[in-house]
Amino acid sequence: MALPQPSRHRLLMSPAALAAALQHHQRFVRRQAGGTRAMLRFAQLSRADLTARLLDDADFTGADLGRAVLRQASAARASFYGANLSLADLTLIQAINADLRGANLCGARLNGAVLDGADMRRALLASAHDDFQMIRPAEMSASLNGVDMSEAEAGRVDFSDCSLKGARLRGANLRGAVFTGAILEGADLTGAQVSGTTFRGAVLTGVDVGALNLPSSSLEGCLLDPDGAALAARPAMLAALNAAELWGMTSGRKGRPANFDGMDIRVLGNAMVGRTLAALSARGAIAAGVSFRGTQLQGSNFEGADLRGADFGEADLRGSNFASAWLSYADLDTANMEPLALKEGGYKAVDFTRAVTVNVRRLALSAAA
């Protein structure tokens, strides 16, 4: 018998109905009179604003929460089994012992999320149906509306390109999960079960990788803490910054532009904040998480650089080159990205050709608009 199409069985809720359900649920959690547990199975909640909501023990099984905002929400023991959380904002969510089996978290933002004891095991994907019929292994091509299982491989949790900076995953079941390209800077994976898990290309700075006992293939292309060579190069890099600033302040009469091509400039910390560093070259550089806030970077070249989570707030990026750069979760919200007027005439626009721009602030807003 053919399974029903999930899109035809979505629970559509008006904002007023959702607000009422959440209000009753809050009373339920606090054990107050008139409280009722929120049963939002297969609800259509895409782009819903659940900021700071009390969602402990709520049931979001199979719900569509794509692009929803759950910042600072409390969701202890909540069920997100088979739910679509792609591109959702889960920043600082408290989801201790939550059920995330089979959930689609591709592109979600989980900075500072607390997921202690969360269950992320491989699971069959549920289909919206009155008797909660399960999709059998042979029928895994079926999916919930908006859920992309193409990279999830039969229900494995897909954290590809997610941001889990500072997330706590102590004791979490991550067997078979995919963290390709994810940002796990400072994440706590103590006691996590990672058999069959891949972290290919992930940012693992500040993570005790040795304790995970993973094969080298699972860590292919990962960004780890700066090595000794990078740390040893820091004094020379600081000197190059001083020379570059002198070049900019004297209109090129003294000093020279900084060249950090292929270097790990994370060791500079906040040393570039607010400086005048026009025409800086950082092709293929490692600059994940680096702050360029308020920096003058007109005509700079970041082609192919790893700039995941970098901060360009209030920076002057006119005419800069970000071709093929990795910009996931970078902050360009208040940066100046107007075309740069050239001395010889004409203008040079900012180049984002082939750049990876998952959840980039401002770029994402522009696309949405």
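The following questions and answers concern a predicted model of a protein.

User: Which order do the helices and strands of the protein follow from the N terminus on?

Analyst: The protein has 4 helices and 4 strands. Read from the N terminus on, these elements run β-α-β-α-α-β-β-α.

User: What share of the residues in the protein is buried?

Analyst: A residue counts as buried when its relative accessible area is under 20%. The protein has 369 residues, and the buried share of them is 50%.

User: What part of the accessible surface belongs to carbon and sulfur atoms?

Analyst: The accessible surface of the protein comes to about 16500 Å². Of this surface, the part that belongs to carbon and sulfur atoms is 49%.

User: Which kind of pair do the rings of Phe 312 and Phe 322 form?

Analyst: The count of aromatic pairs comes to 9. In the pair of Phe 312 and Phe 322, the ring centres are 5.7 Å apart and the planes stand at 85°. Planes over 60 degrees apart count as edge-to-face, so this pair is edge-to-face.

User: Where in the chain do Phe 312 and Phe 322 lie?

Analyst: The two residues of this pair are 10 residues apart. Both Phe 312 and Phe 322 lie in the loop between helix H3 (234–249) and strand S3 (340–341).

User: Is Phe 322 buried or exposed?

Analyst: The relative accessibility of Phe 322 is 0%. The cut-off for this class is under 20%, so Phe 322 counts as buried.

User: Which kind of pair do the rings of Phe 322 and Phe 352 form?

Analyst: The centres of these two rings are 5.3 Å apart, and their planes lie at 10°. Phe 352 is in the loop between strand S4 (347–348) and helix H4 (363–368), 30 residues apart from Phe 322. Planes under 30 degrees apart count as stacked, so the pair of Phe 322 and Phe 352 is stacked.

User: Which residues do ring pairs link into a cluster?

Analyst: Phe 322 pairs with Phe 312 and also with Phe 352. Ring pairs link these residues into a cluster, whose members are Phe 292, Phe 302, Phe 312, Phe 322 and Phe 352.

Notes. Residues are numbered from 1 along each chain as its sequence is written. This is a predicted model: local features need pLDDT of at least 70, side-chain atom pairs count only at pLDDT 80 or more; totals for chains, interfaces and linings use all residues. Side-chain values use heavy atoms; hydrogens and water are left out. Buried means under 20% relative accessible area, exposed over 50%, partly exposed in between (1.4 Å probe, protein chains only). Accessible areas come from the Shrake-Rupley method with a 1.4 Å probe; for residues, only the protein chains shown count as cover. Rings of Phe, Tyr and Trp (its six-membered ring) pair if their centres lie within 6.5 Å; planes under 30 degrees apart count as stacked, over 60 as edge-to-face and the rest as tilted.
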